[in-house]
Amino acid sequence: MTVEQVTADVFLPGTYARGVPYARFRELREKSPVCRIGEPAVGPWPPGPGFWAVFRHADVKHVLRSPETFSSHLGATQLRDPDTEADLRFVRTTMLNQDPPGHGRLRRIVASALTPRAVRELEAVIEARARALVGRIAERGEADFVELSAELPVHTLAHVLGVPQEDGALIHDWANRVIGYQDADYALSDTAARERLTPMGRAALARRPAPRTRPDGRPVNPRSREALADMFHYAHALAERPAPGSVMALMREGGLTRDEFEMMFFLFAVAGSEAPRNALPGGLLTLLDHPDQFALLRSRPELVPSAVEEMLRHWPPVVHFRRTAARDTELGGRLIRRGEKVVVFHPSANRDERVFPDPDRFDVTRTPNDHVSFGYGPHFCPGAHLARAQMRAVLRAVLDRRPGLERAGEPVRLRSNFQNGLKHLPVRWRTDR
């Protein structure tokens, strides 16, 4: 049995449906901190060529801060190779898949949309929505926290993009289809009620591609223009009448090509929801499973910011990101050839004993907390502050209502080797006993 076969478990989506393999990561950090991982076939998806996996914190940061050696552009940043050269050319137009200087040009457009003033206004919107969502749980007595918390990033992104709230379910479905394509419950997500959509939303929905495969029998790439035709139709319709100073107006005025515009909309509408929709339920579950830390937080609410950082360290919303070697190089004593895939594993870096004392312990007072849940270097997540704001707002809303939440059933994890997510988290409002 080859090393690639032995370590393929950290690639398989089914592994993460059971839980992040932290014990396996610990073993690999010690014995094989940079090693080859196999890419066996998964369902209808064909096998891949394999990749170099990076598990230690220092090596992960080195890869992420060195675009001249580890490129985001050459093969894009998803572990699976794009199906065709056309797919690769298309996804390369997004900021995520650019290296400097092209990355900086696109990032400046994002930064111009998220000025300090705009963020302050958004935080007020987030705070109000978070309190309404938590209040809804209190009124019902019991709820699925995943369903409720998913509404917060959708509401926030709709506000940022100028999407009518009636069309918010479209954002939810787009994110599900892209983020959860490895999970049968999410791959064909279709929750938008037609009668509630705006005419613009219904027109876009009519462009939604039917489930299909390519002529060679392979499934359609979920991040291709073909698979997201409805989202891009909606983006162009929305851009025809953008509000002055809005994100859509800035995108139109930014000199973007058609492909760049579509992928910028993708970045806001889909990538912008990944972190909070995974980190909010995961962070709450972590707190519920550590009642001593929850009690400490109740007694010291000033710890909310550090608690959020520890929740992110303990439950990173993204499992991995890919780079491609731009030249022959050495990492962790291994020779990596130009063109080979290099994949960093955030959950492993966040539990590295060389950086975090007692790394498996959940500690809301932990400081410093040098986690890499939002990446590192030039591609550090530009929406990190918004994700943090949403987590702080929900946590404060929960703490302000007594006696608080408790688990009402077993959580159900997302089947994905990319997103560290939950599909269900039953909770109930506790009664004083």
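**Close-up views of a predicted model**

**View 1. Helix α12 and its cover.** In this predicted model, the buried residues of α12 are covered by elements that include α5 (85–91), α8 (145–161), α9 (168–179), α11 (199–205), α13 (247–253) and α14 (258–288). Helix α12 itself spans residues 229–239. It is mostly covered, with eight of its eleven residues buried. These are Asp230, Met231, Phe232, Tyr234, Ala235, Ala237, Leu238 and Ala239.

**View 2. Tyr234 and the largest nonpolar core.** Tyr234 is one of the buried residues of α12. Beyond the residues up to four places away in sequence, Tyr234 touches Val163, Pro164, Asp167, Leu170, Trp174, Met200, Gly201, Ala204 and Phe265. The largest nonpolar core has 95 residues. Those that touch the most other members are Trp174, Tyr234, Met251, Met264, Phe265, Phe268 and Leu395. Helix α14 gives the most to this core: 17 residues.

**View 3. Asn369 in its loop.** Asn369 sits in the loop between α17 (346–349) and α18 (384–400). Is Asn369 buried or exposed? Its relative accessible area is 17%, and buried means under 20%, so Asn369 is buried. The side chain of Asn369 makes a polar contact with the side chain of Glu310, at 3.1 Å. Leaving out neighbours within four places in sequence, the contacts of Asn369 are Glu309, Glu310, Arg313 and Phe356.

**View 4. The largest cavity.** How many cavities of 30 Å³ or more does the structure hold? There are four. The largest cavity has a volume of about 650 Å³. Its lining is made of 35 residues. Nearest its centre lie Ala271, Gly272, Cys381, Pro382 and Gly383. At least two lining residues come from each of α6 (102–113), α8, α14, β5 (320–325) and α18. Helix α14 gives the most, with seven. By class, the lining has 22 nonpolar, ten polar and three charged residues.

**View 5. The second largest cavity.** The second largest cavity holds about 70 Å³ of space. Its lining consists of Val146, Ser149, Ala150, Ile179, Tyr186, Arg277, Asn278, Leu414, Gly421 and Leu422. Helices α8 and α14 are the elements that give two or more residues to this lining. Which element supplies the largest share? That is α8, with three residues. By class, six of the lining residues are nonpolar, three are polar and one is charged.

Notes: Residues are numbered from 1 along each chain as its sequence is written. This is a predicted model: local features need pLDDT of at least 70, side-chain atom pairs count only at pLDDT 80 or more; totals for chains, interfaces and linings use all residues. Side-chain values use heavy atoms; hydrogens and water are left out. Buried means under 20% relative accessible area, exposed over 50%, partly exposed in between (1.4 Å probe, protein chains only). Helices (H or I, at least four residues) and strands (E, at least two) are DSSP runs, numbered from the N terminus. Contact means heavy atoms within 4.5 Å. A nonpolar core is a set of buried Ala, Val, Leu, Ile, Met, Phe, Trp, Tyr and Cys residues joined through side-chain atoms within 4.5 Å. A polar contact is a pair of N or O atoms within 3.5 Å; within protein, one must be able to donate a hydrogen and the other to accept it, and residues adjacent in sequence count only if both atoms are side-chain atoms. On a 1 Å grid over the protein atoms alone, a cavity is a set of points where a 1.4 Å probe fits but cannot get out, and a pocket is an open set with protein on both sides within 12 Å along at least five of seven lines; lining residues have an atom within 4 Å of a point. Grid points are joined across faces, edges and corners, and a volume is the space filled by probe spheres set on the points. Ala, Val, Leu, Ile, Met, Phe, Trp, Tyr, Cys and Pro count as nonpolar, Asp, Glu, Lys and Arg as charged, and the others, Gly among them, as polar.
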